[in-house]
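Me: I have a model open and want to go through its packing. Can you take me through it?

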Amino acid sequence: MKVTQGTKYTIHSKVTLSDGTELYGEVGEAVDMTELAGNYYKLDGEEDYLSVAEDAITFTAADQTVEDGYIHVTVYDATNTETDESTYVKIDGTINFNVGNGTGYIVGVDNGDGDSDSFAYHEKDSVDNNACTYTAGEEDLVIKKGYVQVTYGSGTVDSTSYTYSITGEGYVLYNATTINVELTINGLNASQSYTITFGGTGVTSNTTASVTTDATGIVNGLVRPVSLSTNSGNVNVTITGIQ
């Protein structure tokens, strides 16, 4: 190309994303980061993962290749200590980890502080195998290992006409000694105190709680602790007696 003295030329270059998308811009201009998938990326085969939100890409004299579409997964053990299984993974990629104690793990979207505001319990892949896999979505994740599932009974208390329901968290650490539950009981006498006996799987024998009914003979939404046996199996909490 013949260069004419005094003429200004604008040099452009290209950035190619993982899906083949080609972005063009003037050298020195910022790349539109909203074009990138995921929350993290790598440049030109480098090993470091960079943040889509914080580490802007600039068009350089040379074309660049960007491997985008990554999220970050933070993995904690049962003591809430981060493990070396924390990793970056592609959207829809597979996360591999060892669940350790318990029957499963909990997963939530990272709230930006390495924790989550809402978790869901997931059972491990196999009863006889602690190796687990989880498929990533489009958001950073937090996985906490070493949990068991908790379910709750409802219905009629044995040999009585009292009906009850119990609600509470759907999971607890495998070595937890107590869990708080919310009780609703109908059919009792008004304004009277009763002793509730809890039963079920993983509940310590002869665990009791005191409750007092309201003026209509109902226990509604009272929260009481239930003692748990030390084990690694799932837990089911029921009421076996009311006196």
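Reply: The largest nonpolar core has 28 residues, and Phe-198, Val-237, Ile-239 and Ile-242 have the most contacts inside it. Such a core is a set of buried Ala, Val, Leu, Ile, Met, Phe, Trp, Tyr and Cys residues joined through side-chain atoms within 4.5 Å, where buried means under 20% relative accessible area with a 1.4 Å probe, protein chains only.

Me: Which strands supply at least two residues of this core?

Reply: β11 (141-152), β13 (163-168), β15 (178-186), β16 (193-201), β17 (208-212), β18 (219-227) and β19 (235-242) each do. Strands are DSSP runs of E, at least two residues, numbered from the N terminus.

Me: Where do the numbers come from?

Reply: The model is predicted; local features need pLDDT of at least 70, side-chain atom pairs count only at pLDDT 80 or more, and totals for chains, interfaces and linings use all residues. Residues are numbered from 1 along each chain as its sequence is written, and side-chain values use heavy atoms, without hydrogens and water.

Me: Switching topic: where is Thr-213?

Reply: Thr-213 sits in the loop between β17 and β18.

Me: Buried or exposed?

Reply: Thr-213 has a relative accessible area of 6%, so it counts as buried.

Me: What lies 2.6 Å from a polar atom of its side chain?

Reply: The backbone oxygen of Asn-189. The backbone nitrogen of Ser-191 is 2.8 Å from a polar atom of the Thr-213 side chain.

Me: What else does Thr-213 touch?

Reply: Leaving out residues up to four places away in sequence, its contacts (heavy atoms within 4.5 Å) include Leu-188, Tyr-194, Ile-218 and Val-219.

Notes. Buried means under 20% relative accessible area, exposed over 50%, partly exposed in between (1.4 Å probe, protein chains only). Helices (H or I, at least four residues) and strands (E, at least two) are DSSP runs, numbered from the N terminus. A polar contact is a pair of N or O atoms within 3.5 Å; within protein, one must be able to donate a hydrogen and the other to accept it, and residues adjacent in sequence count only if both atoms are side-chain atoms.
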